[in-house]
Amino acid sequence: LAVIAIPASGLRLTLPDAGYDPPGSEARVAYDLLDEGFGPGFNGPLLVTADISRTLQIEQALTALQDAFQGVPGITAVSQAFPNEALDMAVVTITPDSSPSSDQTAQLVQTLRDRAAAFEEANGFTYEITGQTALAIDISDRLGAAMLPFAIVVVGLSLVLLTIMFRSIAVPITATFGYLLTVGAGLGIATVVFEWGWGASLLGVGKVGPVISFMPIVLMGVLFGLAMDYQVFLVSRMREDYVHAHRARGGRADRLIAVGAVRTGFVSSARVVTAAAVIMFAVFAAFVPEGDSSIKPIALGLAVGIAVDAFLVRMTLVPAVMALLGEKAWWM
């Protein structure tokens, strides 16, 4: 599972455009024709807006704004700068030489924003980079940066709550470690299919590239809920059997009691987890071959994550660790 999770480190995020629509659809045909005829950047132009309300030299300001982007690497064309009716804002359209979801376009946006300070110092006003392409880049960056704080909050709360529930140190740590393996596997498989293109044709993937921006957050949230459900189903019965047997022995710690409780609890609850996992796997897997391009990576990541969590983590790793620890699994 750790190896499967390695590709997730290269996962790229975007807001899908018409290039992700199914091949043959009207929007995809138009997108491909524009790409072929005018270059990949024509489908994702950048909009530059500038506040010129504090200058009376309108023509000079428009010329300076337009000239600022001439000859910049990564730019194919720069439109003529034009003002609005109130003469307080100027607009320029920039056509990159790369596709909207490419790393080169994201780097170009960052480069142009970094040059804004020098432009303001030289001309007395500055500009902003906006438009649908820049918006998609900004949203993707914001959601990508939120993943680590989100994971810390979720994992931290789960550790506290599971410690209170099971009165154990080992159980929450094992549950959380398994959850991280589950998320890594789901994101790793999604990266391999949707970014590397492995098996993409078999799953009907219309375009290989970055996945929708909020996919990791959705996957982490849903898999956390399901993983903790499966954990509680299995381990609560193990603890119940251990406590009863422990009391029957007069409170004497015994490894055989602990291992027996793992076996009994697993046999009693595994069918429930199996049924729940198969149902949820079927629900999400059904969206993979025929779903919308935005839904496919979410559905595949959730389907893989549920199968991995239920059968490899909760019903293999967790009972094995509990049996190895014996009575130490319930130390507090």
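1. The buried residues of helix H9 are Ile-257, Ala-258, Ala-261, Val-262, Gly-265, Ser-269, Ala-270, Val-273, Ala-277 and Phe-284. The model is a predicted one, and this applies to every point in this note. Helix H8 (215-248), helix H10 (287-290) and H11 are among the elements that cover these buried residues of H9.

2. Ser-269, one of the buried residues of H9, is also the place where the helix bends, by about 40°. When looking at H9 in the structure, find Ser-269 and follow the helix to either side of the bend there.

3. How are H9 and H11 arranged relative to each other? H9 spans residues 255-285 and H11 spans residues 296-325. The two helices pack at an angle of about 175°, and their axes are 9 Å apart. Angles over 145 degrees count as roughly antiparallel, so H9 is roughly antiparallel to H11. The residues of this contact divide by class into 24 nonpolar, 1 polar and 1 charged.

4. The crossing of H6 and H7 is right-handed. On the H6 side, the contact is made by Met-147, Val-154, Val-155, Ser-158, Leu-159, Leu-162, Thr-163 and Phe-166. On the H7 side, the residues are Val-171, Pro-172, Ile-173, Ala-175, Thr-176, Tyr-179, Leu-180 and Leu-187. By class, the contact of H6 with H7 has 13 nonpolar and 3 polar residues, and no charged ones.

5. Leu-161 also belongs to helix H6. Is Leu-161 buried or exposed? Its relative accessible area is 57%; the cut-off for exposed is over 50%, so Leu-161 counts as exposed. Leu-161 and Pro-172 are 11 residues apart in sequence, and their C-alpha atoms are 8.4 Å apart in space. Pro-172 is one of the H7 residues in the contact with H6.

6. Thr-49 has a relative accessible area of 19%. Buried means under 20%, so Thr-49 counts as buried. Which residues does Thr-49 touch, leaving out those up to four places away in sequence? They are Met-89, Ala-90, Val-91, Thr-126, Tyr-127, Glu-128 and Thr-130.

How values were computed: Residues are numbered from 1 along each chain as its sequence is written. This is a predicted model: local features need pLDDT of at least 70, side-chain atom pairs count only at pLDDT 80 or more; totals for chains, interfaces and linings use all residues. Side-chain values use heavy atoms; hydrogens and water are left out. Axes are lines fitted to C-alpha atoms, for helices over the stretch in contact, and angles run from 0 to 180 degrees between N-to-C directions. Helices (H or I, at least four residues) and strands (E, at least two) are DSSP runs, numbered from the N terminus. Angles under 35 degrees count as roughly parallel, over 145 as roughly antiparallel, 65 to 115 as roughly perpendicular and the rest as oblique. Ala, Val, Leu, Ile, Met, Phe, Trp, Tyr, Cys and Pro count as nonpolar, Asp, Glu, Lys and Arg as charged, and the others, Gly among them, as polar. The bend at a residue is the angle between axes fitted to the seven residues ending there and the seven starting there. Buried means under 20% relative accessible area, exposed over 50%, partly exposed in between (1.4 Å probe, protein chains only). Contact means heavy atoms within 4.5 Å. A crossing is left-handed if the near helix is turned anticlockwise from the far one by less than a right angle, and right-handed if clockwise.
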